[in-house]
Amino acid sequence: MTIDWLAFVSVFIAAFTGAMLVVLFYALGLRLLVRSGRAPVVSPAEFTDAITIVSDKDIRRAEKAAAKAAKRSPLTQGQRQLALVGAYACFVVCGAAVIAGVLIIVIGH
């Protein structure tokens with residue numbers, strides 16, 4: 001049995017590069033989303049066996065802080081709109097990369 005090490009290295013480099021690009025575009029998309037004034041506020045899920053339970057007061061405080069940060073943004077409305085479009089474009093690139101990877105695995109082999 002022989003191992004084609006060159007093929008192994010090329011697959012490793014492709015997978016590593018793909019993973020890095022997905023993480024990069026997702027992080028850039030989140031950054032642009034926050035700069036556009038639409039900070040994602042996700043209230044934690046409450047489970048019956050959770051150690052700590054987030055109160056309604058804590059959720060309201062987080063939403064208020066996000067709204068306050070959005071008001072303090074030094075960007076103009078046009079810049080915010082451009083940042084929002086850029087954020088959505090980054091998320092589309094991430095989704096396309098994931099779908100392309102799945103299709104390569106399913107169809108390519």
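This note goes through the fold, the surface and the side-chain pairing of a predicted model.

1. Overall fold. The protein chain contains three helices and zero strands, and, read from the N terminus on, its elements follow the order α-α-α.

2. Burial and surface. Of the 109 residues in the protein chain, 13% count as buried. The accessible surface of the chain amounts to about 8,900 Å², and carbon and sulfur atoms contribute 71% of that area.

3. Nonpolar patch. A nonpolar patch on the surface is formed by I3, W5, F8, V9, F12, I13, F16 and M20, which together have about 890 Å² of accessible area. One of these residues, W5, belongs to helix α1, which spans residues 5-35. W5 counts as exposed because its relative accessibility is 55%, the cut-off for that class being over 50%.

4. Salt bridge. How many salt bridges does a search of the whole structure find? The search finds one, and R61 forms this salt bridge with D58, with 3.5 Å between the closest N and O atoms. Both R61 and D58 lie in helix α2, residues 56-71, where they are three residues apart, or about one turn of the helix. D58 has a relative accessibility of 34% and therefore counts as partly exposed.

Conventions
Residues are numbered from 1 along each chain as its sequence is written. This is a predicted model: local features need pLDDT of at least 70, side-chain atom pairs count only at pLDDT 80 or more; totals for chains, interfaces and linings use all residues. Side-chain values use heavy atoms; hydrogens and water are left out. Helices (H or I, at least four residues) and strands (E, at least two) are DSSP runs, numbered from the N terminus. Buried means under 20% relative accessible area, exposed over 50%, partly exposed in between (1.4 Å probe, protein chains only). Accessible areas come from the Shrake-Rupley method with a 1.4 Å probe; for residues, only the protein chains shown count as cover. A salt bridge is a side-chain nitrogen of Lys or Arg within 4 Å of a carboxyl oxygen of Asp or Glu. Patches are made of residues with over 30% relative accessible area and no salt bridge: like charges are joined within 9 Å, nonpolar side chains (Val, Leu, Ile, Met, Phe, Trp, Tyr) within 5 Å.
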